[in-house]
Amino acid sequence: MMDPSRPATGGVDIFGLSQRRMQWLEQREQALASNIANADTPDYVASDMTPFESALAEFDVGLTTTSSRHIPMAAKRRARTESSDGEHSPDGNGVSLETQMQLVAETSDQQRLATSVYSTYRTMVNNVLGK
């Protein structure tokens with residue numbers, strides 16, 4: 001059975017990847033909105049989505065080094081870690097509104113980029129098809 005997320009040519013399905021990215025960003029936006037809405041809830045702990053890179057594993061978009069002068073992939077990848085300042089309000093709430101608003105702005109930027117990439121790729125496909 002053929003996987004619908006992979007094109008028959010063996011390449012990467014840019015449209016499918018864009019759709020997954022936008023879905024992930026939408027879910028992250030909902031999680032961040034929930035964090036902000038519960039900023040005054042006692043003992044509430046902020047949540048966030050697992051990194052999108054883990055969803056890329058199914059697309060098998062690994063890079064190959066073709067020269068000994070290339071930097072190995074393991075050396076280039078660095079996990080992004082969120083630092084926790086450990087501050088909690090007296091009621092045990094650990095939501096930092098400043099951090100949450102920064103994450104919302106970052107997510108919005110990522111949505112604009114994903115939409116731009118999708119639109120550009122769609123325009124390129126339409127140009128090739130003569131539409």
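## Ground rules and overall make-up

Helices here are DSSP runs of H or I with at least four residues, strands are runs of E with at least two, and both are numbered from the N terminus. By that rule, Gln 111 is found in helix H3, and we will come back to this residue below. Please keep in mind that this is a predicted model: local features need pLDDT of at least 70, side-chain atom pairs count only at pLDDT 80 or more, and totals for chains, interfaces and linings use all residues. Residues are numbered from 1 along each chain as its sequence is written, and side-chain values use heavy atoms, with hydrogens and water left out.

The chain has three helices and zero strands, so to read it from the N terminus is to read α-α-α. Of its 131 residues, 19% are buried (buried means under 20% relative accessible area, exposed over 50%, and partly exposed in between, with a 1.4 Å probe and protein chains only). Taking contact as heavy atoms within 4.5 Å, 78% of the contacts between residues at least 6 apart in sequence join residues at least 24 apart.

Let us start with helix H3, residues 97-129. Its 33 residues reach 48 Å from the first C-alpha to the last, close to the 48 Å expected at 1.5 Å a residue; the expected span is 1.5 Å times one less than the number of residues. After H3 comes Gly 130, with a positive phi near 80°.

Helix H1 covers residues 14-37.

## How H1 and H3 pack

What angle do the axes of H1 and H3 make where they cross? They cross at roughly 160° and come within 10 Å of each other. The axes are lines fitted to C-alpha atoms, for helices over the stretch in contact, with angles running from 0 to 180 degrees between N-to-C directions. H1 and H3 are therefore roughly antiparallel; angles over 145 degrees count as roughly antiparallel, under 35 as roughly parallel, 65 to 115 as roughly perpendicular and the rest as oblique. H1 passes H3 in a left-handed crossing, the term for a near helix turned anticlockwise from the far one by less than a right angle, while clockwise is right-handed.

The buried residues of H1 pack against H3, and those of H3 pack against H1. On the H1 side, the buried set includes Gly 16, Arg 21, Arg 28, Ala 31, Leu 32 and Asn 35. On the H3 side, Gln 100, Leu 103, Thr 107, Gln 110, Gln 111 and Ala 114 are buried.

## The nonpolar core

Which residues make up the largest nonpolar core? It consists of five residues: Leu 17, Trp 24, Leu 25, Phe 52 and Ala 114. Its largest share, three residues, comes from H1. A nonpolar core is a set of buried Ala, Val, Leu, Ile, Met, Phe, Trp, Tyr and Cys residues joined through side-chain atoms within 4.5 Å.

Leu 25 touches Thr 107, Gln 110, Gln 111 and Ala 114, setting aside residues up to four places away in sequence.

## Residues worth a look

Gln 111 is buried, with a relative accessible area of 17%. Leaving aside neighbours within four places in sequence, Gln 111 is in contact with Met 22, Leu 25, Glu 26 and Glu 29. Its C-alpha atom is separated by 9.8 Å from that of Trp 24, 87 residues apart along the chain. Ser 18, found in H1, is buried with a relative accessible area of 9%. Ser 18 and Val 117 are 99 residues apart in sequence and 8.0 Å apart in space, C-alpha to C-alpha.

Finally, Asp 43 lies in the loop between H1 and helix H2 (73-76). Asp 43 has a positive phi of about 60° although it is not a glycine, and it counts as exposed at 58% relative accessibility.
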